[in-house]
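Colleague: Please take me through this model, starting with its pockets and ending with its helices.

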Amino acid sequence: MLTRVADGPAVVACNTCRLSADARDDAQGVRGGARLVEALRAIQASDPAYAGIAVQEMPCLFACTEHCTVHLRAPRKIGYVLGRFAPDADAARALLDYAVEYAASEHGRVAYAKWPAGVKGHFLTRTPPEGYVAE
């Protein structure tokens, strides 16, 4: 049921997420989450600044009332679930830009002034790292 992946900063995208609040699939019958994974991987490959951020995917993050959700995580850092993204390059770039700042942070907290506009309003939850709670 679990697949081992490398430790380190990662954007884990739900590859089965809806395309939008109103549609499950795009015109080709592909889920929004799968399209977001494609966009994340394309943007990551286009810029070496994103090399330290893994793009991982899994079916269903159980955020089904939202669409195009991701889990941002790293060892010993607060994790975040974000959602309601369009599955496109702009969203992927905003997520990866935020992930770079997140990876460089001490505990997973990024100053609001450093948040890309594309992630503002998309945070759903934050999760404490194993063995810790946030202050």
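Colleague: How do the residues of the lining of the second largest pocket divide by class?
Modeller: This is a predicted model, in which local features need pLDDT of at least 70, side-chain atom pairs need 80 or more, and totals for chains, interfaces and linings use all residues. Residues are numbered from 1 along each chain, and side-chain values use heavy atoms, without hydrogens or water. A pocket is an open set of points on a 1 Å grid where a 1.4 Å probe fits, with protein on both sides within 12 Å along at least five of seven lines, and its lining residues have an atom within 4 Å of a point. Here Arg76, Lys77, Arg109 and Glu135 are in the lining, and Asp, Glu, Lys and Arg count as charged, Gly and His among the polar, and Ala, Val, Leu, Ile, Met, Phe, Trp, Tyr, Cys and Pro as nonpolar, giving five nonpolar, one polar and four charged.

Colleague: What is the volume of the largest pocket?
Modeller: The second largest pocket has a volume of about 190 Å³. For the largest pocket, the volume is about 710 Å³.

Colleague: Which element gives the largest share of the lining of the largest pocket?
Modeller: The lining has 26 residues, with Val5, Val12, Gln56, His71 and Arg73 nearest the centre. By class, 13 are nonpolar, six polar and seven charged. The largest share, three residues, is from β2.

Colleague: Are helices α1 and α2 roughly parallel or oblique to each other?
Modeller: The axes of α1 (residues 32-46) and α2 (residues 89-104) come within 8 Å and cross at roughly 60 degrees. Angles under 35 degrees count as roughly parallel, over 145 as roughly antiparallel and 65 to 115 as roughly perpendicular, with the rest oblique. The two helices, α1 and α2, are therefore oblique.

Colleague: How many of the residues in the contact of α1 with α2 are nonpolar?
Modeller: The contact (heavy atoms within 4.5 Å) includes Leu36 and Leu40 of α1 and Leu95 and Leu96 of α2. Two of its residues are polar and one is charged, while the nonpolar ones number nine.

Conventions
Axes fitted to C-alpha atoms, helices over the stretch in contact; angles between N-to-C directions. Helix = DSSP H or I, 4+ residues; strand = E, 2+ residues; numbered from the N terminus. Points joined across faces, edges and corners; volume = space filled by probe spheres on them.
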